[in-house]
Amino acid sequence: MTDTKKRTTDAGKSDRMGRRFLLFAGTTEGRELAEFLDGRGIPALVCVATEYGEELLRQTAGIEVRVGRMDADRMAALIRGEQLLAVIDATHPYADEATRNIRFAAGENRTAYYRLLRGETKTEPGDGTVVFEDAASAARWLDGQQGNILLTTGIKELPVFAETIADRERLYIRTLLQEEIFEKKARYGLSGKQVICMQGPFSREMNEATIRMTGAKYLVTKESGGAGGFSEKVEAAKNCGAACVVIRRPLQEAGYSAEEIRGIVLKIWQAYAEKESGTSENVNIYGGQAAVLSAGVGRKTRCVTLLGIGMGSRENMTLEAVAACEEADCIIGAARMLDALRDFHKPNAVLYRPDEIAAYIEEHPEYGKIVVAFSGDVGFYSGAKRLPEYFGDEMQVRLIPGISTAAYFAARLRMPWEDMVLASSHGREPDLIGMVRQNEKVFTLASDAESIRKIAGKLLSYSFDAVKMYVGGDLSYPSEHIYEGTAADFAKFRGEGIFAAVIVNSQACSEAVTCGIPDGAFLRGNVPMTKEEVRAVALAKLRLTRDAVVYDVGAGTGSVAVECARMADRGKVYAVEQKEEACSLIAENQKKFAVDNIEIVPGQAPEALRGLPAPTHVFIGGSGGSLKEILAVISEKNPSVRIVLNCITLETLTETLAAARDLPLEVEDIASVTVAKARPAGRYHMMEGQNPVYVITMTGKGGAPCDTRAS
């Protein structure tokens, strides 16, 4: 029997802790529970049987560890000498003797006992897998077979196989480096190459390498579940053409899952904290009274990982994403995300909204490592954008990127995407027409088949008949499908799921970055139009932003609205016009210049303005005699609005100044713009002057966030 050794990370701390938990940790789940206790500042004494177990717990600085095997009497003596809240048995599922001793010792001392159970994996024979109820049965069967045998069951089962199998040269054992192995190696006459001392965990690739190195035809393993690396062994044996000999787990005993144990521990600790503090009020189990009771054990933060899982298939996930899911206590996400991650067998919650996700995490303190899964990449039109603001300082938040749909789809199309404009039609209305007009390649996410039909219809309405569309559905899944065609081919598109599209316009052209479209480029009819040079001055005074919300009041032919829409390509322009002929011209010019972010508003201001969103910028080219009322509605909608007004009469100028004095508006600038244009006169050209135009710039007195003047 090995004597126990004591390791205390903070000398003398255990003497002043008060009550604590006693944890027998012989499994991955036991180590994770120790880390959970340490992370909550909950005092515990952890017992492990091997030096390797101690090594794994070195990072849990707030936990005392004792090393060595104990029988029932030593366990009972340990429990008697401690002031314990409960005993938790997290030993290996096959360590039935240890479990009996722990349960007996706890009962002798009338101490609460809880058994932590590893998730059950039921193995069925077939496809290269042979299942036995115990090691003795497996050994007898193997004795009658031919070929080398790799034991991965641990040193405890070695005597059963070595004493049953006649030809011991066939035996190879992979085990931890410990003193007992040398004694058993000598007793059974095993050579040095037959004993492989390695420390796990072992990946599928490592298992395959060991099988090939030993030439094993049989790999022997216990039915230890996911945390024990069972699936990696089964898969490795299959890949190497070896039979996997599985020793069935003992009959399932009564106990609790890791999740349930955490909840039990937190309730016990909180009840103890409330009792010691003399209050029945809820005590913050992450700090406050709990920190005082643990005499200096520091408060640790929980961790939420916002995870991009890529397209959704396991093969599409990064290794970092897989590791995060394997380490998680709980996974949260939409049903489609959780379905993609079901093989991790983690507790989960189907949640979408950030507030609901944050509330759920707050209500489940037993989860220390939480993964919130998102499709694609967390930085590309992802719900991860807003979620961090819902967590307080006590929560550690990390983001793990995934493969975005844009990158994946471009690769499938064998198409570079560094010059691709990215957008999303998934619940949004981006200015796709403007993007297609100016860019050769545009990528967009789409909600469903209807979104694809709308995109195609919009392209056709703006005469983009020649563009090519690529549409992908179920990307990365076995049912992945990619379609190619023109906009007309997708006008009646049918399909199920979420789609992505790439629009290729080989006729895209770079546009001038300045304003001042020539007057002759507009369809005009008999409708008045703000002339090119005056229009350029007015637009310069507006100082538009790309996401501006613009009113063009008295829009006429829509020349100002078109120019604003091209400059504010991420914003929206409302062209307000009362004349039916003018509204038709605006629509024609909108189509001609392919600016989809203009909305024509028939009607007379100010009534036509009342149902519109608040503007950031306003151009007034005509007021219909209601200038003051129009200015009043605009300034009420946005006290910080920026307004540019053109007028040609002194009376209108006077009316504007008077209205500004009566309203919370400040006149920033008045410019008189006089333009003369050359006209032919025989062999000569003469300059012909146009009417002078007053360009008046005003800002709301509520502030001028769009004003870029130097201070």
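**Close-up views of a predicted model**

**View 1. Strand E27 and its neighbours in the sheet.** Strand E26 (residues 617-620) runs parallel to E27, with which it pairs over four bridges, two strands being taken as paired if DSSP finds at least two bridges between them. The model is a predicted one, in which local features need pLDDT of at least 70 and side-chain atom pairs count only at pLDDT 80 or more, while totals for chains, interfaces and linings use all residues. Residues are numbered from 1 along each chain as its sequence is written, and side-chain values use heavy atoms, with hydrogens and water left out. Helices (H or I, at least four residues) and strands (E, at least two) are DSSP runs, numbered from the N terminus.

View 2. Buried means under 20% relative accessible area, exposed over 50%, and partly exposed in between (1.4 Å probe, protein chains only). Because six of the six residues of E27 (residues 642-647) are buried, the strand is largely enclosed by the rest of the structure.

**View 3. Helix H20 and its buried face.** Helix H20 (residues 580-593) has 14 residues and reaches 20 Å from its first C-alpha to its last, close to the 20 Å expected at 1.5 Å a residue, where the expected span is 1.5 Å times one less than the number of residues. Its buried residues are Ala582, Cys583, Leu585, Ile586, Asn589, Gln590 and Phe593. Seen down the axis of H20, these fall within an arc of 160°, so they line one face of the helix; the arc is that of the directions from the helix axis to the C-beta atoms. They pack against helix H16 (432-438), helix H19 (559-567), strand E24 (572-577) and strand E25 (598-602). Ala594, which follows H20, has a positive phi near 50°.

**View 4. Residues in loops.** Ser476, in the loop between strand E20 (468-473) and strand E21 (481-486), is buried, with a relative accessible area of 16%. Leaving aside residues up to four places away in sequence, Ser476 touches Met311, Gly312, Ser313, Asn316 and Tyr408, contact meaning heavy atoms within 4.5 Å. Arg414, in the loop between helix H15 (405-412) and strand E18 (421-424), has a positive phi of about 55° although it is not a glycine, and Arg414 is exposed, with a relative accessible area of 81%. In the loop between E25 and E26 lies Pro606, and the peptide bond from Ala605 to Pro606 is cis, with omega near 10°.

**View 5. Confidence along the chain.** The mean pLDDT of the protein chain is 85, and 88% of its residues reach 70 or more; pLDDT is the predictor's confidence in each residue, from 0 to 100. Over residues 706-711 the pLDDT stays under 50. Where pLDDT is low, the predicted coordinates should not be read in detail.
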